[in-house]
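Dear colleague,

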Amino acid sequence: MVALVKFIHISSIAVWVGGLVVLPAIYAQLGASTDRGQHVEAMPRLQEAMKFTYVAVLSPAAFVAVASGIFLVFQSTVVAPWFGLKLALVAGLVIAHSLAGLTVARQSEDWHPNLTWRSYGATVVSVLLAAAVIALTLWKPSLPASILPAALSEAGALKGIFDQINPWHRP
């Protein structure tokens with residue numbers, strides 16, 4: 001069962017990160033089509049490709065990747081500094097995913113120029129984050145515990161943190 005979930009996890013991460021790398025190329029195509037005067041003909045097709053990629057491919061893959069990752073965490077109970085760092089990098093991928101969604105929403109309503117430099121930046125950030133996650137996962141370095149806050153280095157610490165910020169205390 002765990003092997004199947006690992007396969008699903010790795011496959012969905014590959015699709016998710018692949019989409020995060022490819023989606024900025026569509027932004028660049030949108031900008032390039034306007035520069036060549038093909039804005040009117042190419043824009044609806046590129047906007048539909050952009051929306052489809054984000055809504056039908058990236059978002060479901062991201063959900064499956066995160067959900068299967070959570071399942072695997074509960075199966076292995078990994079508590080190590082490298083794992084906390086990996087989760088921080090995955091949070092960076094989630095932020096990149098959210099920013100891509102905002103860009104897709106803006107581009108679906110109206111065209112905004114100067115997307116070429118942003119597409120390069122988004123691609124580089126996505127590739128670097130994904131490479132760092134893969135490296136940490138395969139390498140599993142022995143990092144000092146001081147790399148993370150003390151509360152995040154112990155099992156069950158998130159409950160204590162949540163209890164401190166939760167305005168609705170349970171009896």
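**Findings**

Ala105 is located in helix H3. With a relative accessibility of 36%, Ala105 counts as partly exposed, because that value lies between the limits of 20% for buried and 50% for exposed residues. Ala105 and Lys51 are 54 residues apart along the chain, and 8.1 Å separates their C-alpha atoms.

Please note that this is a predicted model. The average pLDDT of the protein is 83, and 83% of the residues score at least 70. Confidence is highest in helix H4, with a mean of 89, and lowest in helix H5 (residues 157-165), with a mean of 76.

*The nonpolar core*

The largest nonpolar core comprises 25 residues, of which Trp16, Leu23, Met50 and Leu93 touch the most other members. At least two residues of this core come from each of helix H1 (2-35), helix H2 (39-76), helix H3 (81-109) and helix H4 (116-139). The greatest contribution to this core is that of H2, with 8 residues.

Which residues does Leu23 contact, leaving aside its neighbours within four places in sequence? They are Met50, Thr53, Tyr54, Leu58, Ala100 and Val104. One of these, Met50, is also named with Leu23 among the residues that touch the most other members of the core.

Gln47 has its place in helix H2. Is Gln47 buried or exposed? Its relative accessible area is 10%, so Gln47 is buried, the limit for that class being under 20%. When residues up to four places away in sequence are not counted, Gln47 touches Gln107 and Ser108.

*The nonpolar surface patch*

On the surface, a nonpolar patch is formed by Leu4, Phe7, Ile8, Phe63 and Val64, which together have about 510 Å² of accessible area. Both H1 and H2 supply at least two residues of the patch, and H1 gives the most, with 3 residues.

Phe63, a member of this patch, is found in helix H2. Its relative accessibility is 62%, and Phe63 therefore counts as exposed, since the class begins at values over 50%. Helix H2 thus holds both the buried Gln47 and the exposed Phe63.

Yours sincerely

Methods
Residues are numbered from 1 along each chain as its sequence is written. This is a predicted model: local features need pLDDT of at least 70, side-chain atom pairs count only at pLDDT 80 or more; totals for chains, interfaces and linings use all residues. Side-chain values use heavy atoms; hydrogens and water are left out. A nonpolar core is a set of buried Ala, Val, Leu, Ile, Met, Phe, Trp, Tyr and Cys residues joined through side-chain atoms within 4.5 Å. Buried means under 20% relative accessible area, exposed over 50%, partly exposed in between (1.4 Å probe, protein chains only). Helices (H or I, at least four residues) and strands (E, at least two) are DSSP runs, numbered from the N terminus. Contact means heavy atoms within 4.5 Å. pLDDT is the predictor's confidence in each residue, from 0 to 100. Patches are made of residues with over 30% relative accessible area and no salt bridge: like charges are joined within 9 Å, nonpolar side chains (Val, Leu, Ile, Met, Phe, Trp, Tyr) within 5 Å. Accessible areas come from the Shrake-Rupley method with a 1.4 Å probe; for residues, only the protein chains shown count as cover. A salt bridge is a side-chain nitrogen of Lys or Arg within 4 Å of a carboxyl oxygen of Asp or Glu.
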